[in-house]
Amino acid sequence: PILAAEYIGFLKRLSLAKGLRFLNHPEDILTCLDKKRCKPLLDGGDIPVTPLLSPGVTNYDELIYTMNEMRAYQVFIKPSLGSGAAGVIAFRLNPKNSETVMYTSSMLSRDGLFNTKRMRRITSLEETKDVINKILVQDAIVEQWVPKATHNGIGYDLRVVWLFGKIAFIVPRFSKSPITNLHLNNMAGLF
């Protein structure tokens, strides 16, 4: 949050500067960085987005209640601000026996929560609650987990860069875990 706050402050100051022209205006960058601001704009522009589960979920118990109410037993929890899978959680709840599994690169320490370069699969309910509560207490979104397509038994998604009305390039990201970020030792493919 501190690094994001510093960067947000920098972008806000930059947007007020006189005599500068931008290819991407700092206010637009701020909007893209904020998942809560960006998703409705994309959705309003008829660009498909992953559906939000419910706004305002702030702790583990509310999350479980909402998942059961909506019969949505797989979700992604993401800090509103951030990138590189920092604080991102893929979470599953088995509605029959309430067992849970969480995939994340976040880890608890005495100093709080930090991001690692290693994806972890966590089934400990105590650790799951602690990590989820630490992410949800921040400004976070909970969205439905849409299963990824697979190729040769490995899940993938596509990162598409769109410049000036055309696709500049496409990068498939392959992973055996639900989170495909490349810095987590996942594989980039050729499109």
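A polar contact is taken here as a pair of N or O atoms within 3.5 Å; within protein, one must be able to donate a hydrogen and the other to accept it, and residues adjacent in sequence count only if both atoms are side-chain atoms. The structure is a predicted model, in which local features need pLDDT of at least 70 and side-chain atom pairs count only at pLDDT 80 or more, while totals for chains, interfaces and linings use all residues. Residues are numbered from 1 along each chain as its sequence is written, and side-chain values use heavy atoms, with hydrogens and water left out.

Y103 lies in strand 3 (helices, H or I with at least four residues, and strands, E with at least two, are DSSP runs numbered from the N terminus). With a relative accessible area of 13%, Y103 is buried (buried means under 20% relative accessible area, exposed over 50%, and partly exposed in between, for a 1.4 Å probe and protein chains only). The side chains of Y103 and R121 are joined by a polar contact of 3.5 Å. Not counting residues up to four places away in sequence, Y103 touches V88, I89, A90, R92, M119, R120, R121, W145, P178 and I179 (contact means heavy atoms within 4.5 Å). F76 is 27 residues from Y103 along the chain, and their C-alpha atoms are separated by 9.5 Å.

Strand 3 (100-109) is also among the elements that cover the buried residues of helix 4, as are strand 1, strand 2 (89-93), helix 5 (125-136) and strand 5. In helix 4 (residues 60-70), the buried residues are Y60, L63, I64, T66 and M67. These residues lie on the same side of helix 4, because they cover an arc of only 165 degrees around the axis (the arc is that of the directions from the helix axis to the C-beta atoms). D61, Y65 and E69 are exposed on the other side of helix 4. T66 has a relative accessible area of 11%, and its contacts, leaving aside neighbours within four places in sequence, are with L53, S54 and V57. The N-terminal end of helix 4 is capped by N59, with a side-chain oxygen 3.1 Å from the backbone nitrogen of D61. Just after helix 4, R71 takes a positive phi of about 55 degrees.

Strand 5 contains E143, which is buried at 5% relative accessibility. The side chain of E143 makes polar contacts with the side chain of K39 at 2.8 Å and with that of K78 at 2.6 Å.

K78 is also one of the residues closest to the centre of the largest pocket, together with C38, L42, L158 and R159. On a 1 Å grid over the protein atoms alone, a pocket is an open set of points where a 1.4 Å probe fits, with protein on both sides within 12 Å along at least five of seven lines, and lining residues have an atom within 4 Å of a point. The space in the largest pocket is about 2000 Å³, where grid points are joined across faces, edges and corners and the volume is that filled by probe spheres set on the points. Strand 7 gives the most to the lining, with 7 residues.
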